[in-house]
Amino acid sequence: MNKEMKETLDKVAVYEGWVKQKALKAGNLAFASMFVISVLAIIIQMLLTVDIRLVLGETATALVGGILYASIMVYNGIWDKCLPKSATIWRDFLTSVICAGIFTVIYGVCLFRMGATETQITRLALGFLIGITIVAFIILRLLAFINRKRNQNLSNVQEKKEISLSQVEWTKIYNAQNIVETEQLVEMLKQNGIAAFSQEAGANVAMHGAPGFGIYGVDIFVKTDDAEKAVQLIKEINNQE
């Protein structure tokens, strides 16, 4: 792969990463907005009706949506992407407190309607807040741990693939005259199940006699095990022409 092509691919990879990051932020914002609206609707209904049975459906929907969202994030390895460990811990703690606070308000309203005294409401609600915060924080940290392990496993698999590819022996089987011939031959080899790649031949790959033509031509490489079969296929094509 020549230098210009490599630089182009690097730029494309950076752009694709930026697009994915932008889409991720947009998805997070959309989900957070819908989740907050749902929770506010539940609280408003609770304050107006003071009957938790009337909002069980909305509560279940919000919880299931949150669990599904977290599962998708973890599955794709982006639960705590691009965030340092200290930032993820602080974010998880803050999220736990906010979520626990929302449910504590609902719990407090229920206690009030059940005839509990202010002292009882304060004591029970505080215990509920602390308990839910701890449980939520543990769950979030567990998700982060699973996400980190998944990313590590994916990285290990990728490294093994790169090592295995680097250990494959490649053999030059043909020197094409130009890029057009090279692309045709490489495509033909791939259609016949032979992995192939090309690179400009010679020490100075920047030298060109004309557009699409290199002074030294373009070398085509295949795996050593497939070299004989690839050479035979190219010979058959040349004979037909």
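Reader: Quick one to start. What is the relative accessible area of F93?
Author: F93 has a relative accessible area of 39%, so F93 is partly exposed. Buried means under 20%, exposed over 50%, and partly exposed in between, with a 1.4 Å probe and protein chains only.

Reader: What kind of model is this?
Author: This is a predicted model, in which local features need pLDDT of at least 70, side-chain atom pairs count only at pLDDT 80 or more, and totals for chains, interfaces and linings use all residues. Residues are numbered from 1 along each chain as its sequence is written, and side-chain values use heavy atoms, leaving out hydrogens and water.

Reader: Back to rings. How many aromatic pairs are there?
Author: The count is 4. Rings of Phe, Tyr and Trp (its six-membered ring) pair if their centres lie within 6.5 Å; planes under 30 degrees apart are stacked, over 60 edge-to-face, the rest tilted.
Author: One of the pairs is F93 with F137, edge-to-face, at 6.4 Å centre to centre and 80 degrees between the planes.

Reader: Which helices hold F93 and F137?
Author: F93 sits in α3 and F137 in α4 (residues 118-167), so this pair ties together parts 44 residues apart in sequence. F137 is partly exposed, at 24% relative accessibility.

Reader: Which residues does the ring cluster link?
Author: W90, F93 and F137.

Reader: And F197 with F221: how far apart are the ring centres?
Author: The centres are 5.2 Å apart and the planes at 10 degrees, so the pair is stacked. F197 belongs to strand β2 (residues 196-200) and F221 to strand β4, so parts 24 residues apart in sequence are tied together.

Reader: Is F221 buried or exposed?
Author: F221 is buried, at 14% relative accessible area. F197 is partly exposed, at 31%.

Reader: Zoom out. How many helices and strands?
Author: The protein has 6 helices and 4 strands. Helices (H or I, at least four residues) and strands (E, at least two) are DSSP runs, numbered from the N terminus. Along the sequence the pattern reads α-α-α-α-β-α-β-β-β-α.

Reader: What share of residues is buried?
Author: 25% of the 241 residues.

Reader: Now packing. How many residues are in the largest nonpolar core?
Author: That core has 14 residues, and I173, M188, L189, I194, I220, V222 and A230 have the most contacts inside it. A nonpolar core is a set of buried Ala, Val, Leu, Ile, Met, Phe, Trp, Tyr and Cys residues joined through side-chain atoms within 4.5 Å.
Author: β1 (170-178), α5 (179-191), β4 (213-223) and α6 (227-240) each supply at least two of its residues.

Reader: What is I173 in contact with?
Author: Beyond neighbours within four places in sequence, I173 is in contact with L189, I220, V222, A227, A230, V231 and I234. Contact means heavy atoms within 4.5 Å.
Author: Another core, of 8 residues, lies apart from that one, and includes I42, A62, I106 and V109.

Reader: Which residues line the largest cavity?
Author: V39, I42, T59, A62, I102, F103 and I106. A cavity is a set of points on a 1 Å grid over the protein atoms alone where a 1.4 Å probe fits but cannot get out; lining residues have an atom within 4 Å of a point.
Author: α3 gives the most to this lining, with 3 residues. α1 (3-49), α2 (56-75) and α3 (85-113) each supply at least two.

Reader: How much space lies in the largest cavity?
Author: About 40 Å³. The volume is the space filled by probe spheres set on the points, which are joined across faces, edges and corners.

Note on methods:
On a 1 Å grid over the protein atoms alone, a cavity is a set of points where a 1.4 Å probe fits but cannot get out, and a pocket is an open set with protein on both sides within 12 Å along at least five of seven lines; lining residues have an atom within 4 Å of a point.
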